[in-house]
Amino acid sequence: MRNPSFRLAFFAAPFLLCLPALAQEVRVVQSPPRLTSSGYYTPNRAPLQGLPFQKLPPGAVVPHGWLRTQLQLDADGLSGRLPEISDYLKFEGNGWVDPNSNSGWEELGYWLRGYGDLSYVLKDPKMLAATQKWVDAIIANQKPDGYFGPDRMRPAADGGGDPWAHMLMLDVVHSNYEYTGNQRAFDFLTRFFKWQNAQPPKYFQSGWGALRWADNLNIVYWLYNHTGDANLLDLAKKIHDNSANYTNNLPNGHNVNLAQGIREPGEYWMQSGASTDLSAVENDYQKIMSQFGQVPGGGFGGDENTRPGYGDPRQGFETCGIVEYMHTHEMMTRISGDPLWADRAEELAFNSLPAALTPDHKGIHYITSPNLVEINRSGVKGQFDNHFPMLNYQPGIHNYRCCPHNYGMGWPYYAEESWLATSDKGVAASLYAASDVNVKVGDGTPVTWSETTDYPFSDTIQFKLATPKTTKFPLYLRIPRWSDGAEVKLNNKAVKVAATPLSYVVLDRDWKNGDTVSLRLPMQIDLTTWAANKNSMSVNYGPLSFALDSGEKWTRDGGTDEWPEYSVAPIGAWNYGLPTSVKATDFKIVRTKGALPGQPFTLENTPIRLETKARLVPGWTADTQGIVRPLQQSPARSTAPLQTLTLVPMGAARLRISSFPTVSTAPTALDWTLDAPKVPLYEANASFIHDDIEALVDGIEPKSSMGDGVPRFTWWDHKGSAEWAALDLKKPMKVSSVSLYWFDDTGKGQCRVPASWRLLYKDGTTWKPVEGATDFGTAPDKYNTVTFTPVTTSALRLEVQLQPDMSGGILEWKTDAKG
């Protein structure tokens with residue numbers, strides 16, 4: 001079985017696994033050598049640590065096959081056409097390019113770094129021109145002191161502010177230089193870092209940026225490797241010393257902060273050389289995944305913030321988090337040399353990212369869950385951390401805001417990282433996909449490797465070399481953790497090599513024009529048991545995890561003809577469990593004949609399916625909003641007949657059960673009782689409703705006024721106003737007390753306990769204040785109970801005065817009503 005905890009290991013140096021009988025030109029290593037100032041693609045210079053890999057410039061890799069289709073769908077969909085519908089991306093009056101405007105925050109940088117690299121990868125003339133127009137204007141808007149962008153984001157005199165949005169623009173300008181050699185872009189970065197180095201410590205400790213310095217640090221080191229300016233190393237140290245601490249800590253629970261922030265100590269390791277900095281990244285990864293990521297698909301439960309106790313596979317991973325986590329894994333592959341990080345990048349790319357988008361890439365949703373049985377405008381009753389609908393597919397410019405602007409870096413960055421240069425002047429096939437790569441190797445000879453494959457839907461990858469002359473250099477081929485017995489052929493002849501999982505096969509030889517290499521990575525059915533998630537089980541085949549195909553009924557529920565919005569409902573039953581006796585041989589692999597479709601991540605087009613037997617779990621249902629209920633302990637008791645099910649790759653299933661319970665007919669198995677929601681005794685209403693009005697009387701007990709994980713009702717965004725909430729008791733009842741648990745998110749939002757309140761009861765058609773009442777309390781983190789002279793009434797009403805400039809809400813309202 002695949003070990004869901006993976007491994008805790010980094011490689012301090014390449015570890016050679018040579019068999020005595022092998023020729024010198026073939027070997028197996030766990031990492032290329034770490035060399036300083038060696039290689040053709042901005043190698044680290046002293047005193048930085050040498051790295052095994054170097055990123056090729058944008059455009060060096062030309063994708064083909066299904067990967068190119070994903071990129072073209074991006075270009076024809078949200079990423080390529082977002083300025084048509086996003087008011088954040090209007091050129092005129094945008095503070096990033098207009099010195100007379102103060103508008104703009106993260107949206108332009110998020111979008112432009114993905115759009116720019118998409119234009120470089122596709123080499124699309126129209127997109128390239130649009131990218132250059134933005135970059136030239138951003139550069140031209142730089143101030144004499146080196147600062148750039150909206151003046152309102154310039155830090156205060158003490159350094160207070162938020163440097164985050166500028167970090168995104170550094171990626172934009174850096175990529176532009178790498179693709180075009182634009183000296184103005186290089187000088188722009190030099191001036192900005194000089195300005196940044198002059199800022200006080202508070203600047204580095206403020207806002208979102210304090211948690212995301214990894215994005216900035218990467219570009220600082222890149223510039224140092226070009227210039228050798230020691231002041232840049234001073235800046236890098238200042239960044240690390242003032243950054244949120246990821247070295248021995250997870251400083252924040254926000255999923256995107258974690259997805260990108262954990263690599264910061266790994267980047268700083270290049271300067272410090274301390275093994276604790278490098279190993280901190282793996283340690284952080286393990287902390288996150290052990291608590292929230294015990295699910296298939298490579299992600300973790302971060303439906304905004306991670307929450308202790310919320311690791312069930314119904315929890316979602318934000319789309320921003322998916323692409324940022326991929327980016328971290330890709331960067332850590334280059335920094336550490338450990339092929340496990342590339343495995344992790346693939347896991348997200350194949351199993352999670354495709355389902356975050358509609359098949360045509362014109363719609364997106366905010367979160368994607370490993371177990372998701374309906375996609376609609378629901379999930380607002382505490383199932384997820386956010387209390388706004390996050391599942392419906394739509395462009396989401398304002399509803400989802402960050403995700404439609406940020407997702408676009410996912411596939412372009414993946415394509416660019418599919419091939420890597422090595423510090424020993426070779427090249428590595430790191431993320432397998434059909435492509436051509438143009439790269440300097442050996443003595444500096446430019447060569448082209450052409451890669452032909454349907455991977456991950458096929459286990460064979462073919463390579464062919466074009467070189468102007470015979471050239472000696474090493475070719476590295478990554479062997480994933482799931483592949484035993486990898487086979488290599490050179491010019492159609494088998495190569496004898498013990499290719500162990502999580503290693504690189506190295507062919508180091510004199511290469512001639514027309515040489516070919518074939519790599520076969522045998523795939524097997526593999527079952528993972530998630531002990532931390534009630535002993536649920538997932539099914540894998542190579543890098544693909546599989547989900548139940550329950551069918552999908554797509555219904556347009558908004559938007560325009562050009563930019564529609566969709567809900568998706570299941571066609572068949574989804575509540576199945578796998579027998580406890582299930583084994584790999586119980587799955588039949590069914591392949592579709594013919595050429596691989598350009599968009600294989602749909603139910604209709606997937607080229608591979610699995611068939612197996614399963615039983616219905618009658619007690620496993622969705623809640624009233626269509627959100628699947630959490631797993632209970634496996635095995636579940638089921639006497640339902642065995643049925644043949646079809647499983648499809650997770651990435652092809654927008655609705656999915658990928659973490660299955662196991663089932664048994666034995667009387668000792670657990671009967672999964674239907675955890676039905678309590679039917680409210682009363683009907684609630686209010687002067688203004690945000691979040692969930694039913695939260696007032698849902699019977700879910702809060703642990704604090706912050707209300708983490710508990711449904712809430714608020715009057716947001718009414719502030720400082722007089723508001724009311726009422727309960728219809730449905731019939732006359734005798735009442736003598738009520739208890740209120742106020743919502744108060746001090747330190748996180750703008751809701752507070754009220755300034756004051758009173759209670760009224762309905763007498764006929766008239767509202768009257770209760771008499772003989774005790775104090776109307778407003779204390780947080782407890783029930784505020786009021787007793788009063790008993791009344792017989794059919795309705796109660798709170799009249800609340802909100803605090804100045806603050807809103808408010810209620811987590812629970814109890815009464816002693818009887819009758």
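Mentor: Asn-491 is found in the loop between strand 13 (487-490) and strand 14 (493-495). Strands here are DSSP runs of E with at least two residues, helices are runs of H or I with at least four residues, and both are numbered from the N terminus. The model is predicted, so local features require a pLDDT of at least 70 and side-chain atom pairs count only at pLDDT 80 or more, while totals for chains, interfaces and linings use all residues. Residues are numbered from 1 along each chain as its sequence is written, and side-chain values use heavy atoms, with hydrogens and water left out.

The backbone of Asn-491 has a phi near 50°, a positive value in a residue other than glycine. With a relative accessibility of 31%, Asn-491 counts as partly exposed; the term covers the range between buried (under 20% relative accessible area) and exposed (over 50%), for a 1.4 Å probe and protein chains only. Lys-730 also has a positive phi, of about 75°, although it is not a glycine. That residue belongs to strand 32 and is exposed, at a relative accessible area of 53%.

Two further backbone features concern peptide bonds. The bond from Ser-634 to Pro-635 is cis, with omega near 5°, and Pro-635 sits in the loop between strand 24 (608-616) and strand 25 (636-637). The bond from Trp-716 to Asp-717 is likewise cis, with omega near 5°; Asp-717 occupies the loop between strand 31 (713-714) and strand 32 (722-743).

Charged pairs come next. Side chains of opposite charge can pair when their charged atoms come close. A salt bridge is counted when a side-chain nitrogen of Lys or Arg lies within 4 Å of a carboxyl oxygen of Asp or Glu, and the count by this rule is 37. One of them joins Lys-469 to Asp-443, at 2.9 Å from N to O. Lys-469 lies in the loop between strand 11 (460-466) and strand 12 (471-479), and Asp-443 in the loop between strand 9 (435-441) and strand 10 (445-453), so the pair ties together parts that are 26 residues apart in sequence. Lys-469 is partly exposed at 42%, whereas Asp-443 is exposed at 54%.

A second salt bridge connects Arg-520 and Asp-459, at 3.2 Å from N to O. This pair links distant parts of the chain, 61 residues apart: Arg-520 is in strand 16 (residues 516-520), and Asp-459 is in the loop between strand 10 and strand 11. Arg-520 is partly exposed at 30%, while Asp-459 is buried at 18%.

Apart from neighbours within four places in sequence, Val-439 is in contact (heavy atoms within 4.5 Å) with Tyr-41, Leu-56, Val-427, Thr-445, Pro-446 and Val-447.

Two packed helices are described by the angle between their axes and the distance between the axes. The axes of helix 5 (164-180) and helix 8 (residues 214-227) come within 9 Å and cross at roughly 35°; axes are lines fitted to C-alpha atoms, for helices over the stretch in contact, and angles run from 0 to 180 degrees between N-to-C directions. Among the residues that meet are Leu-170 and Asp-171 in helix 5, and Asp-215 and Ile-219 in helix 8. Asp-171 and Asp-215 also belong to a network of salt bridges with Arg-113, Arg-263, Glu-267 and Glu-324.

Glu-267 is one of the buried residues of helix 11. In helix 11 (residues 264-272), seven of the nine residues are buried, and these pack against helix 8, helix 9 (230-242), helix 10 (255-261), helix 12 (275-292) and helix 13 (319-336). Just after helix 11, Gly-273 takes a positive phi of about 70°.
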